[in-house]
Amino acid sequence: MPNNQTQRLTHGAMMIAIFAILIAIAYYVPIISLVATLFAPLPIAWFSAKYDRSSSIILGVIGCIITFFFGGLLILPFSMIFAVCGVVMGDALRTNKSKAYLFMATGISVLITFAIQYLISIKLFERDFIKESFQLMRESYMASFEFAESLTGEQPMTEEAFNLMFQHIEIAIPATVTLAAFFLSFLLITVNLPILKRLGITVPKFQAFKDLRLPRTILWIYLIVLTIQLFVRPELGTSLYVITFNFSLVLWVLLTIQGISFLHFVLDAYRAPKFLKGLATIFAIPLYNFVMLLGILDLGFDIRSFVTGKIRK
């Protein structure tokens, strides 16, 4: 790692400038905003991977302050998330952590940053942007249903079913935010790590997707949640219902991913063409119940050895 203070300051100033430009493009330029968003953590991650943690945190804070000057208070939460991601990603690379650690640390940091911003929004500004967005979505759905009714003369959905649907959507907000945070982290890592490698940073590698084996603890948690849902049957709206419902959503996604991994393993074992893996992944979405069952069997039993043995015979 370079120890020259002048070089560190020069590099830091360049990274702050690039970070501010990327945030400005992501926030103000609609066409290329998605590309700029994906690369926004790159400058801070590069600096953080080369220099110590305290210098990286200071760099991230200064970068957020700079964005505040040209974007105001509204852009600050946006820039904070990517500054935190950059610091965490770079620090994990500097300390030679595994890619699984990098993924989990980045996802958790996004969640914590979002939670802090949400609490600040409620306590200081008395604005609940999640409820406001939810209410806006509800009004949009109601307007579309009224329009459909005016065309067909029939209600697309009863009021009771409509309210029940939105009640479940509202209950699922914690799981949705959690999955979104980790999905964003996965995208940022996937996009930025190859570039950091080209910049001379040592980056870890994920094992092949076909070899993915999630912790078996997930299966036990799923069985506990399923037992509560089948035998306790918590009432809609209660704390136990909210907890089990959100856990079940996250577990469904994880077990479906495990099932898709098993399908990739089987297709690779049979040396199937690569496009079949893509088709299997696409069809796994509508057939998620079956794929999730495969994921449960893959975690609970050693069916991969059985498949390998069958192929060898």
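Select Lys-97 and Tyr-101 to start: Lys-97 lies over the face of Tyr-101, 5.2 Å from the ring centre. A charge counts as over a ring when NZ of Lys or CZ of Arg is within 6 Å of the ring centre and within 35 degrees of the ring normal. Next select Arg-138 and Phe-166, where Arg-138 sits over the face of Phe-166 at 5.4 Å from the ring centre.

This is a predicted model, in which local features need pLDDT of at least 70 and side-chain atom pairs count only at pLDDT 80 or more, while totals for chains, interfaces and linings use all residues. Residues are numbered from 1 along each chain as its sequence is written, and side-chain values use heavy atoms, with hydrogens and water left out.

Now zoom out and colour by secondary structure. The chain has 14 helices and 0 strands; helices (H or I, at least four residues) and strands (E, at least two) are DSSP runs, numbered from the N terminus. The C-alpha trace spans about 65 × 65 × 40 Å along its principal axes.

Switch to a surface. The accessible surface comes to about 18,800 Å², and 70% of it belongs to carbon and sulfur atoms; areas are from the Shrake-Rupley method with a 1.4 Å probe. Of the 313 residues, 36% count as buried, meaning under 20% relative accessible area, with exposed over 50% and partly exposed in between (1.4 Å probe, protein chains only).

Then show the contacts, defined by heavy atoms within 4.5 Å. Among those between residues at least 6 apart in sequence, 74% join residues at least 24 apart.

For the aromatic rings, the whole structure holds 8 aromatic pairs. Rings of Phe, Tyr and Trp (its six-membered ring) pair if their centres lie within 6.5 Å; planes under 30 degrees apart count as stacked, over 60 as edge-to-face and the rest as tilted.

Select Tyr-27 and Tyr-28: this pair is edge-to-face, at 5.1 Å centre to centre with 85° between the planes. Tyr-27 is partly exposed at 33% relative accessibility, and Tyr-28 is partly exposed at 45%.

Tyr-27 belongs to helix H1 (residues 5-28) and Phe-78 to helix H5 (residues 76-94), so the pair ties together parts 51 residues apart in sequence. Phe-78, at 24% relative accessibility, is partly exposed.
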